[in-house]
Amino acid sequence: MRRRDLLQALGLATVLASAPMANATPAASPPCRPTGALGIVIERASGSVLLVDNQARSTITRIEGLGDVSHASATFSPDERFAFVFGRDGGLTKIDLLTGRIAARVVQGGNSIGGAISDDGKLVAVSNYEPGGVKVFSAADLTLVADIPAMVDGARSKVVGLVDTPGRRFLYSLFEAGEIWLADFSGGDKPRITLLGHAGKEPYDGLIDPSGRYYIAGLFGEDGMALVDLWQDPPRIRRILNGYGRGERRLPVYKMPHLEGWTQAGGDYFFPSVGHHEVLVMNGRTFELEMKIPVHGQPVFVMARPDGRHLWVNFAPPNNDTIQIIDTPTRRVIHTMKPGRGMLHMEFTGRGAEVWCSVRDENRIDIFDTHTFGKIASLPAKAPSGIFFTPRAHRIGL
Amino acid sequence: MRKLSWNVRRVRLRKRLMIFGALCALFPLASSIALPARPVPATTSKPIDELVRLVRQDCGSCHGLTLKGGLGKPLLPENLAGRDADTLAQIILDGIPGTPMPPWRGILAENDALWIARKLKEGFPDAAP
C-alpha cells in the first residue's frame, strides 16, 4: 500500500512538473512530425532549400536566407531532427526539420565546399577553399571548436573530400598539396592532426566506405586514386587504379566528378572515370581495375541503389540532360533517359524504392520508380541541385 | 627678314607642336573611350540567355555561381583587369593545359567566347529569371 502510494505520488509529481513547462511555451513546441522520410532540396540560385517529405512526395515548406548555396551539400544530426547545410559562401546553416526554420547560422569562411558530422553527432566540420582549411563547430550551437589551417609550404591549400570516420575523426585531402590528413578529436576538442601521406596530383574529392575502413581520394591531375586503410596502424596510403586511362585520349571535363555514397555493389566498386566516358569497376578485394563500362558522357555521380543491384549515373555538360542505369551483375547500361537539362543530382529513398532527381534548368524534381524507371511524380523547385534525405544521418561518411 | 622668318617658323613650329601634343593627349584618351565602347560581337552563335546560363551554371560549377571563385579562380572584373578580352577568349576556347580548365571549343564558337570574355570584364549579367 505504502509503496503504491509513493509510486502514485511520484507519478503525479512528474505530471505536475512537466505540465507547467508544456503550458508555458505552447507556441515554441515544434509540430509532431516523423522525420525519417524528410529531406531537403537545395535551390541553387535563390539561397533557399525546400523541406520535403518523400513518402507524401510533397514539399512542406521553403526555407530562405541561406546565402549562396551553389554547390551546397548537407548532413544530418543523429536524431534526424536537424540538417546542416554547407553553402558555397562559407555559410553553415542548421535547419530544424520539425519547425522548418533556421535554428542557427554562421558564415565561417569565404568559400567552402562541403562538410561532415562526427560519429557522435557532436561536431560539424566544414572544408574550405578560401581560405583553405577545416573549421569544426559544435553541432549544438555552431560555436567554433577548432580551426585547422591547411598550410603546406607556406601556402593555404583547398580542402576537398572531407568525411567523418569512426572515433570522432575526420579525413580530408588537399587539392594543391596532394596530401591526405586525419584530424582526430577522440581526446576532446583539441584535435590531433596527422599527415597520412601523399595521394597524388590534385585530389578532387574523397569518400569513405560504409564501415569507415577505406578512404579513397580521386585524382584529377593523373589517372589513378589513393586508398587509405584506416584499420592499419598507422594508416597508410596506397595508390590504386594507376594509369587507368593509358593509351586513351583524355577528353575535356566540363564538371568535376563527385565521389559520394561509396558505390559498392555486389562486392565491387564503381567510380566515375576522369576524362573518359566510362564508369570504372574495381575489384573489392584486390583493388584492381576489373573493367570499364562505356557510358554516355563524363560521369559526375555514380550512385548505387541502396540494395546495390543498379547504378544510376548522371553526366557533365554537354550531356547533363541524361541519366543512365547500369545493371550491376551484367555491368551493362540497361536504360537511358533524358529527364531534362541540368540533371544534377539523384537521391534514393531509404530502401531505394524511389529516386528523386533534380532537373535544374526545368525548375523541377522528378521522382522515378527505381524498378520500372517510370516517372511517378514531379515537384516544382527553383533551380534544384543537391537532394539529401535523412537516412544519411545513420551512414558513415555522409 | 630673317627675324620675321624665324618668328613665322617658330609660330608654325608651335602650332605643329600643339597639334602633335593635342594628338598625343587625345590618342590614349580616344582609345580608352573607344575600348569599352567597342561593341560586343553583334552576333553570337548561341542565344545570349543560353550563354548567360552556361557561364553562371557550368563555368559556375568551378568558378562559383557568383563567379567569386571555387576550385577555379574568381572571374570578377577586378580579377580580370590585367587581361584583355582576346586573351581570355583564347583561354576559354583552348583551356589551360595541366589544370582543370577545359577547352570549350566545340561547345562555344569564337564569337561566343569573345562575348563571354568581354562581359566578364564588364561584370557578367545575372541569369535570366
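## Close-up views of a two-chain predicted model

View 1. Residues are numbered from 1 along each chain as its sequence is written, chains are lettered from A and ligands numbered from 1 in the order in which they are written, and side-chain values use heavy atoms, with hydrogens and water left out.

**View 2. Who touches whom across the interface.** Here 24 residues of chain A are in contact with 23 residues of chain B, where contact means heavy atoms within 4.5 Å. Across this interface the rule finds three residue pairs in polar contact, both residues at pLDDT 80 or more. A polar contact is a pair of N or O atoms within 3.5 Å; within protein, one must be able to donate a hydrogen and the other to accept it, and residues adjacent in sequence count only if both atoms are side-chain atoms. Sorted by class, the side of chain A that touches chain B has ten nonpolar, four polar and ten charged residues. In this sorting, Ala, Val, Leu, Ile, Met, Phe, Trp, Tyr, Cys and Pro count as nonpolar, Asp, Glu, Lys and Arg as charged, and the others, Gly among them, as polar.

**View 3. A salt bridge between the chains.** The rule finds two salt bridges across the interface of chain A and chain B; a salt bridge is a side-chain nitrogen of Lys or Arg within 4 Å of a carboxyl oxygen of Asp or Glu. B:Arg53 forms a salt bridge with A:Asp361, with the closest N and O atoms 3.8 Å apart. The pair crosses from B:Arg53 in helix 2 (residues 48–63) of chain B to A:Asp361 in the loop between strand 31 (354–359) and strand 32 (364–369) of chain A. Helices (H or I, at least four residues) and strands (E, at least two) are DSSP runs, numbered from the N terminus. B:Arg53 is partly exposed at 28% relative accessible area, whereas A:Asp361 counts as buried at 18%. Buried means under 20% relative accessible area, exposed over 50%, and partly exposed in between (1.4 Å probe, protein chains only). Salt bridges that share partners join A:Arg341, A:Arg360, A:Asp361, B:Arg53 and B:Asp58 into one network.

View 4. A search of the whole structure finds 28 salt bridges over all chains. In one of them, A:Arg168 pairs with A:Asp120, the closest N and O atoms being 2.6 Å apart. A:Arg168 lies in the loop between strand 14 (159–165) and strand 15 (169–174) of chain A, and A:Asp120 in the loop between strand 8 (111–117) and strand 9 (123–130), so this pair ties together parts that are 48 residues apart in sequence. A:Arg168 is buried at 17% relative accessible area, while A:Asp120 is partly exposed at 29%. The side chains of A:Lys292 and A:Glu248 also meet in a salt bridge, at 2.7 Å from N to O.

**View 5. A:Gln324 and its neighbours.** Look for A:Gln324 in strand 28 (residues 323–327) of chain A. A:Gln324 counts as buried, at 8% relative accessibility. Its side chain makes a polar contact with the side chain of A:Thr336 (3.0 Å). Not counting residues up to four places away in sequence, A:Gln324 touches several residues, among them A:Val295, A:His296, A:Trp312 and A:Phe315.

**View 6. Chain B and its confidence.** Chain B has five helices and zero strands. Its average pLDDT is 79, and 65% of the residues score at least 70; pLDDT is the predictor's confidence in each residue, from 0 to 100. Within chain B, confidence is lowest in helix 1 (residues 2–37), at a mean of 52, and highest in helix 4 (residues 85–94), at 96. Over residues 28–37 of chain B the pLDDT is below 50, and beyond near neighbours in sequence this stretch has zero contacts in the model. Where pLDDT is low, the predicted coordinates should not be read in detail.
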